Amino acid sequence: MGLKITQVDAFADRPFAGNPAAVCILEHPRDAEWMQRVAREMNLSETAFLVKREEGYDLRWFTPTVEVDLCGHATLASAHVLWEQGHIDSCEPARFHTKFGVLSAKKDGTWIEMDFPATPAKLDSGLLEDMELTLGAIVKEIGRNCFDYFAEVESEDAVRSLRPDFTKLARLQTRGLIVTSRASGTGYDYVSRFFAPGAGIDEDPVTGSAHCCLGPYWKERLGRDGLIGYQASARGGFVRTRCQGDRVFISGQAITVMRGELISTS
């Protein structure tokens with residue numbers, strides 16, 4: 001018998017939107033080389049691998065080219081699969097042991113709320129000129145956090161129309177680049193996009209972990225909490241954030257779009 005694998009659209013309330021992730025629940029741990037091969041075969045922005053343990057699950061995430069330390073949308077997808085397939089009761093939280101600490105998720109109506117660490121950006125105007133050349137846009141604020149570069153541009157239109165230099169972005173000594181602005185429309189508070197060619201993903205459709213930075217940033221700028229962000233990729237998706245101390249609660253929806261079986265498991 002092969003190994004079951006499930007594809008979920010995360011941060012989406014309908015199929016073929018949000019960010020797709022593959023979820024694979026293993027009976028025992030596998031080595032990183034094998035998991036990387038599977039992730040390359042799935043060719044999605046992330047493939048999540050879970051192994052049952054005391055008090056939850058071990059969770060690791062792989063892009064088609066590298067393992068990452070933190071991923072929001074594949075964690076959302078993992079919690080969705082655990083509840084949907086009856087591995088844990090729907091009224092119980094999902095608890096994950098990861099390289100970036102213990103993460104958890106709970107159901108909130110049709111949404112899933114995840115408890116993640118805040119990763120605020122440290123602003124650094126010295127990076128501004130190079131980033132404007134890379135993005136081809138005027139940058140208002142620039143900085144970085146423990147994972148990514150971060151840039152606020154002048155408008156939502158500027159975010160949506162970005163055509164960055166991916167060759168230059170791939171040379172950044174970070175996972176990727178978060179670009180954001182205040183929303184000009186209604187229904188959400190800010191917009192963003194996320195680029196990570198160095199991790200094998202030119203543009204990530206909806207990036208939960210980027211909101212560990214975006215949530216605190218826009219809470220401070222807007223002077224209020226309980227925000228809604230829209231990641232303006234081609235697929236698009238809404239993300240809710242609320243901040244509490246050094247934690248960010250990130251919420252989204254998820255829907256299963258495919259179930260399959262990995263025939264070769266060697």
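The model is predicted, with local features requiring pLDDT of at least 70 and side-chain atom pairs pLDDT 80 or more, while totals for chains, interfaces and linings use all residues. Residues are numbered from 1 along each chain as its sequence is written, and side-chain values use heavy atoms, without hydrogens or water.

**Helix H1**

Select residues 32-42, which form helix H1. Helices (H or I, at least four residues) and strands (E, at least two) are DSSP runs numbered from the N terminus. Within H1, Trp34, Met35, Gln36, Val38 and Ala39 are buried; buried means under 20% relative accessible area, exposed over 50%, and partly exposed in between (1.4 Å probe, protein chains only). The strands against which these buried residues pack include E1 (3-10), E2 (19-26) and E18 (254-262).

Next, select Asp31, which caps the N-terminal end of H1 with a side-chain oxygen 3.1 Å from the backbone nitrogen of Glu33. After H1 comes Asn43, which has a positive phi, near 55°.

**The nonpolar cores**

Select Phe11, Trp61, Ala94, Phe96, Met114 and Ile250, the residues with the most contacts inside the largest nonpolar core, which has 36 residues. A nonpolar core is a set of buried Ala, Val, Leu, Ile, Met, Phe, Trp, Tyr and Cys residues joined through side-chain atoms within 4.5 Å. Helix H2 (residues 73-84) gives the most to this core, with seven residues. Apart from this core lies another, of 20 residues, among them Met131, Ala137, Leu177 and Val191.

Colour Gly2, Leu3, Lys4, Ile25 and Glu27, the closest to the centre of the largest pocket among its 17 lining residues. The lining divides into eight nonpolar, six polar and three charged residues. E1 and E2 each supply at least two residues of this lining.

For the second largest pocket, select Phe11, Asp13, Arg14, Gly237 and Phe238, the closest to its centre of the 14 lining residues.

On a 1 Å grid over the protein atoms alone, a pocket is an open set of points with protein on both sides within 12 Å along at least five of seven lines, and lining residues have an atom within 4 Å of a point.

**Ser209**

Finally, select Ser209, in the loop between strand E14 (201-204) and helix H6 (211-222). Is Ser209 buried or exposed? Ser209 is buried, because its relative accessible area is 3%.

Note on methods
Contact = heavy atoms within 4.5 Å. Polar contact = N/O pair within 3.5 Å; in protein donor to acceptor, adjacent residues only side chain to side chain. 1 Å grid on protein atoms, 1.4 Å probe; cavity = no way out; pocket = protein on both sides within 12 Å on 5 of 7 lines; lining within 4 Å. Nonpolar A, V, L, I, M, F, W, Y, C, P; charged D, E, K, R; others polar.
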